[in-house]
Every structure is written in C-alpha cells, then in structure tokens.
Amino acid sequence: MTTLDAAAVDRLRQETPGTGEVIHLNNAGSSLPPDRVTDTVLDYLREESVRGGYETAAAHAERIEGVYGSIARFLGAGTADISLTDHATRSWQAVFYAFRFGPGDRILTCRSEYASNAIAYLQVARRTGAVVEVVEDDESGQLDVADLERRLDDRVKLISITHVPTQGGLVNPAEEVGAIAERAGIPFLLDACQSAGQLDLDVRRLRCDALSATGRKYLRGPRGTGFLYVHPRLRERLEPATLDLHSATWVAPEEFEIAPDGRRFETWERNYGLLLGLGAAADYAMEIGLPAIEERVAALAAQLRADLSRIPGVTVHDQGRRKCGIVTFSVAGVDSWDVRDALHGAKVNTSVARPTSYQFDQQVRQLPHMVRASVHYYNTEDELRTLVETVEKLA
C-alpha cells in the first residue's frame with residue numbers, strides 16, 4: 001500500500017472496533033488495537049486455559065519464534081539482533097545498565113529526554129562518578145547536531161537520546177546523530193518508544209547501536225510488550241546487569257555462558273499470547289506500509305496544529321524542523337486537565353503532558369501542563385474537527 005486513501009482508511013477503521021466507540025487521540029499513550037491483534041492474544045489465552053501453559057507454548061513454538069522475524073523486518077535488522085521484553089523501559093534499561101561507567105565518563109543526551117531515562121542517567125552518575133551532559137537544541141527546538149559534535153572526546157562513553165519526546169511533535173535528527181556517533185566510534189542508544197509505528201524506522205539508516213520500543217503505542221500492539229535491537233558490535237561488548245537460565249546457560253557448577261544473540265537481554269518468563277499479539281501488530285503495520293503510515297499521520301497532525309493555532313487563546317507548543325503525530329497545546333486561562341476532561345465528555349481521548357516527565361526541557365521552556373492529542377492513521381478529519389470545536393467552546 002503506497003498511500004492511505006479514504007477507502008483504505010475506512011477499511012482500517014472497520015478492523016478497529018474502538019473507532020466506533022470513541023475518538024481516540026491518545027495513541028502516544030496506548031493505541032486502539034486492530035481485531036487481528038486482539039484475536040491473536042485471546043485465541044492463545046483461551047487455548048492456554050484448556051491445554052496448559054507449557055503445552056500451548058510448545059505447540060506454538062514456531063509462531064513464537066516468528067515474532068523475532070516480524071520485529072526484525074519491521075526494523076530492517078537481523079533476527080539475532082532482536083530481544084522481546086514486557087515493556088520499552090525494560091528494553092532500554094537492559095542495554096543502559098549493561099554499560100560500565102567510571103568517574104569522569106560522559107553520557108550525552110538531549111534536552112527533550114524522558115523522565116525514566118534521565119533518572120537512570122542520574123542514578124548511574126551518583127553511583128559511578130559519571131557525568132550527564134545535555135546537548136543544546138538548535139533554533140528549531142531539535143537536538144543541535146553541531147553542539148553534539150563539538151562535545152565529543154575520548155571521555156564520551158554513550159550518546160543516548162529520545163527520538164520523539166513525550167511532550168510534543170518534535171522528531172529529533174536521529175540519522176544525523178547516528179552518523180556522528182558511528183564516525184566517532186561511540187555507542188548510540190535510541191529510545192524509539194514514541195516513534196515506532198508512526199515513523200518509518202530502519203536501524204541501518206539510523207545507524208544506532210541499540211533501539212528500544214514498546215508495542216502499546218503507535219505500533220498498536222498489546223500492553224505489556226516491548227522490544228529491543230542491539231547491533232552485534234555493541235552486544236558483544238555488553239554483559240547484562242541481570243541474567244537467568246534463559247539469557248545464560250549454566251554449563252558447569254562454577255561456569256555459565258551468556259546467550260550469544262539478543263536473548264541475553266531477555267528473561268525466561270513471558271506472556272506468549274501478548275508476544276504473538278506484538279508480532280501480529282508488526283506484521284499489520286508492515287502490510288499497510290510504514291511510509292504510508294508516516295505520511296498520513298504527519299498530515300493529520302499538521303492539519304490539527306493549523307486548526308488549533310487559529311483559535312484565539314490556544315497555543316500549540318510543538319517544536320522541530322520535522323514533526324510527527326503528537327500535538328501539544330494549552331488554552332489560556334483554562335487548566336489543561338479541565339480541557340482533557342471536556343474532551344473526554346465529547347468522547348475524545350487525549351492526555352496531559354506533565355513537566356515532571358521532561359525536566360531538562362522544562363528548565364529552559366517553562367512549559368505549562370499541556371493537552372496532548374496524538375493522531376493515528378485511523379483517525380479522520382471529522383474526528384479532528386470535533387476536538388477543535390470542543391476546544392473553541394473553552395477558549
């Protein structure tokens with residue numbers, strides 16, 4: 001599918017029962033799954049309930065193994081480079097906490113970094129004496145690649161950024177960062193939690209050493225799923241902070257061997273029904289086509305920004321040269337929680353972005369609490385109009 005015309009969108013909505021119940025503009029929180037994903041999970045759980053957990057997993061071993069291939073194709077990666085986890089933070093932490101930092105080692109990150117990642121940096125800095133440095137933004141609000149390059153020296157041990165932040169439609173220039181990191185020989189960790197499923201990701205083009213993501217957001221997979229890509233050049237250097245009998249093998253009373261592939265970052269217990277749902281979601285997105293998804297999501301978000309910007313008293317806060325499907329705004333004199341609640345009353349799902357989630361950015365921009373409306377390809381122009389009309393009544 002090269003583009004999503006009205007007929008295609010209508011079909012996709014028919015395959016998404018939730019679109020008949022609500023106007024779902026909270027896709028950066030958790031998307032509405034298509035029938036294929038829901039049915040995959042429920043069918044597996046039903047079988048498990050009558051057949052037994054181990055027995056069902058054994059019967060579906062080939063399908064479960066196939067999820068690695070689905071995620072690999074989704075990212076343009078090798079199957080051995082993929083780990084399957086229960087959420088994006090666990091994926092990200094599995095790599096980050098495997099690094100061994102020492103006093104004076106430098107971690108470079110972006111101003112738009114997310115709270116969970118920033119807290120991890122600060123914890124490791126306290127433990128080890130490493131230093132966390134925030135790269136400046138350029139005039140557009142994205143990470144300043146020139147400032148990043150100026151900061152590089154032999155004490156920089158990691159470049160770690162968020163691709164799309166929680167607080168707006170900015171898309172950081174990950175490909176440029178990847179090229180800089182590769183030339184310098186510095187590991188590059190990319191948090192793609194908000195970009196996977198709405199942007200056309202390819203780890204070969206991004207040149208990242210590791211990428212973490214979730215299933216529940218734009219990918220439209222189940223909650224409780226995540227995945228991780230780690231390039232062999234980095235994987236071979238890292239020993240995970242925690243191991244079990246899945247990520248390593250106890251080969252002798254005093255010896256163990258760590259799994260040679262991405263499974264070294266996993267643990268044994270997992271919900272196989274949810275993992276199969278994750279694979280179904282990745283296959284579904286690939287069938288639609290990531291370029292077509294990205295094109296429609298960006299167009300809908302641009303339309304929404306333009307319509308909101310025309311309302312007196314409404315401020316749209318998104319930055320960056322390139323923007324995606326997340327739209328953040330505030331209404332003068334009206335608490336953003338009240339705006340969210342009014343939208344909910346109109347059966348429009350949104351969320352509120354809180355400054356505690358983005359303190360590096362907040363320190364500079366002094367943002368209010370913002371309403372976050374995150375569009376997906378199954379949304380329609382009429383749905384956006386409902387949001388805009390509801391906000392107009394409040395402004």
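## A first look at strands, helices and cysteines

In this model, Arg-106 has Val-156 in S5 as its bridge partner. Strand S3 (residues 106-110) and strand S5 (residues 156-162) run parallel as a pair, joined over three bridges; strands pair if DSSP finds at least two bridges between them. Strands (E, at least two residues) and helices (H or I, at least four) are DSSP runs, numbered from the N terminus.

The model is predicted, so local features need pLDDT of at least 70 and side-chain atom pairs pLDDT 80 or more, while totals for chains, interfaces and linings use all residues. Residues are numbered from 1 along each chain as its sequence is written, and side-chain values use heavy atoms, with hydrogens and water left out.

Step back and you'll find an open sheet of seven strands, in the order S2-S8-S7-S6-S5-S3-S4, with mixed pairing. Its edge strands, S2 (82-85) and S4 (131-135), each pair on one side only.

Now for the helices. H4 (residues 61-75) meets H11 (residues 272-288), and among the H4 residues in this contact are Ile-64, Val-67 and Phe-74; contact means heavy atoms within 4.5 Å.

What about disulfides? The count is zero, taking a disulfide as two cysteine sulfur atoms within 2.5 Å.

Note on methods:
Axes are lines fitted to C-alpha atoms, for helices over the stretch in contact, and angles run from 0 to 180 degrees between N-to-C directions.
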